[in-house]
Amino acid sequence: MRIRSYKPTDLEHLKRLTIEGFSGVSIDHGMEEVFGVINGHDWRWRKARHIDEDVSRNPAGVFVADEDGEIVGYITTWQDREAGIGHIPNLAVATSHRNQGLGRALIEHALNHFRAAGLSHAKIETLAQNAIGNHLYPSLGFVEVARQVHFVAKL
């Protein structure tokens, strides 16, 4: 297993992992559970677009876990250098590779990337129902600083 830099040919694989990994733990999925399909697009379509945004924003900050040519995980990052903060918007690990330390390794890789850039803090967000994230992130030194509630209104 190696963690490598993102290549444009990885994009569709990352989107598939995103859909697999965020079922039940994404705002878009929660919206669909309440309102159904919105504007002809399901939650999977909307969540996959987040990866398009991540790779457009900072392709050099996207890292891919590759096992014998198979993409089994990824993490996306971006940096606010002026503020000294590195952001981790998305992280996903293939079902077949969960509970083996890969999510931890990807986060550690991102944290080292931030340190090498001279940043002083890292930020990651998760939903209350993401039991894995709520356990993993504090074990890597993240401290909960706030809770947020998302509201959606039908127009």
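Reader: Why is Asp 68 called exposed?

Author: The model is predicted, and the value is computed from it. The relative accessibility of Asp 68 is 81%, and the label exposed applies over 50%. Asp 68 therefore counts as exposed. Asp 68 sits in the loop between β2 (62-67) and β3 (70-80).

Reader: What is noted about phi of Asp 68?

Author: Phi of Asp 68 is near 55 degrees, a positive value in a residue that is not glycine. Asn 99 is also a residue other than glycine with a positive phi, near 60 degrees.

Reader: How do you know whether Asn 99 is buried or exposed?

Author: By its relative accessible area, which is 80% for Asn 99. Exposed means over 50%, so Asn 99 is exposed. Asn 99 belongs to the loop between β4 (85-93) and α4 (102-116).

Reader: What makes β3 and β4 a pair?

Author: Two strands pair if there are at least two bridges between them. Seven bridges join β3 to β4, and the two run antiparallel. Trp 78 has His 87 in β4 as its bridge partner.

Reader: Why do β1 and β5 stand at the edges?

Author: The open sheet has five strands in the order β1-β2-β3-β4-β5, with mixed pairing. β1 (2-5) and β5 (121-124) each have a single partner strand, so one side of each has no neighbour in the sheet. Neighbouring strands of this sheet are turned by 30 degrees against each other on average, direction ignored.

Reader: Which strands does helix α1 lie across?

Author: Helix α1 (residues 11-21) lies across β2, β3 and β4, and runs at about 90 degrees to β3.

Note on methods:
Residues numbered from 1 in each chain as written. Predicted model: local features only at pLDDT ≥ 70, side-chain atom pairs only at ≥ 80, totals over all residues. Heavy atoms only, no water. Helix = DSSP H or I, 4+ residues; strand = E, 2+ residues; numbered from the N terminus. Buried < 20%, exposed > 50% of the residue type's maximum accessible area, 1.4 Å probe, protein only. Axes fitted to C-alpha atoms, helices over the stretch in contact; angles between N-to-C directions. Contact = heavy atoms within 4.5 Å.
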